[in-house]
Amino acid sequence: MNPRPPVTSDASQAVTPETLRKEYEAGATVDELVTVSGLSYGTVLNRLHDAGTVMRTSWQTRRMRHDPQARKRLAAHLRTLYEQHGAALTELAAGAGETRRAARRLLIEAGGSVRTTQQTLRMRSAARAAERHKLALSLRARYEAGASVPDLAEDCNYSVATVYRILHQAKTGMRPQHRHGPPHDEGRRQ
């Protein structure tokens, strides 16, 4: 079984330390930033520290969220996570330090509507399909520019067979295979 496609350096670089700092200072938690950015917990923390962010304690976050303006910002943030990033209510609750019921209430306060489980699964499936398509086009472009399949596999942390399958699905014109032994005719000539 292959891992999910890695976040490309372009996507991870798009999440700048300053962007993360603004979100954090607006009331987002580190867990929420991990969910939104797709970066690891440690990477988010490192980027927040790089931006000179003054970190809060959990009680400071809770106190901040009891402020009506902070609650509105949190509700709007949770709605963005829910609608644009496909987060489930359980993930919103974990990121917000709330219960699932409280996260649902905040989502509705922000004008959001609750999806069914099937709608969430379809949304995530479509997002994964878009990621796979983007990866396939990227691999195809790199292959057509001269990269070898083993190099692509190593860069993506996939097997060579998986990269061949992805290239085939992207309708990539494959280069002829190299023969590493003597030509087949030599054995017959004597």
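Read along the sequence, the protein chain runs α-α-α-α-α-α-α-α-α-α-α, which comes to eleven helices and zero strands. Helices here are DSSP runs of H or I with at least four residues, strands are runs of E with at least two, and numbering starts from the N terminus. The model is a predicted one, in which local features need pLDDT of at least 70, side-chain atom pairs count only at pLDDT 80 or more, and totals for chains, interfaces and linings use all residues. Residues are numbered from 1 along each chain as its sequence is written, and side-chain values use heavy atoms, with hydrogens and water left out.

Of the 190 residues in the protein chain, 30% are buried (under 20% relative accessible area, with exposed over 50% and partly exposed in between; 1.4 Å probe, protein chains only). Among contacts (heavy atoms within 4.5 Å) between residues at least 6 apart in sequence, 63% join residues at least 24 apart.

The axes of α7 (residues 89–96) and α8 (residues 100–109) come within 8 Å and cross at roughly 100°; axes are lines fitted to C-alpha atoms, for helices over the stretch in contact, with angles from 0 to 180 degrees between N-to-C directions. Where the two helices meet, α7 contributes Leu89, Thr90, Leu92 and Ala93, and α8 contributes Arg100, Ala103, Arg104 and Leu107.

Further along, helix α11 (residues 160–169) holds tyrosine 164. This tyrosine 164 counts as partly exposed because its relative accessibility is 42%.
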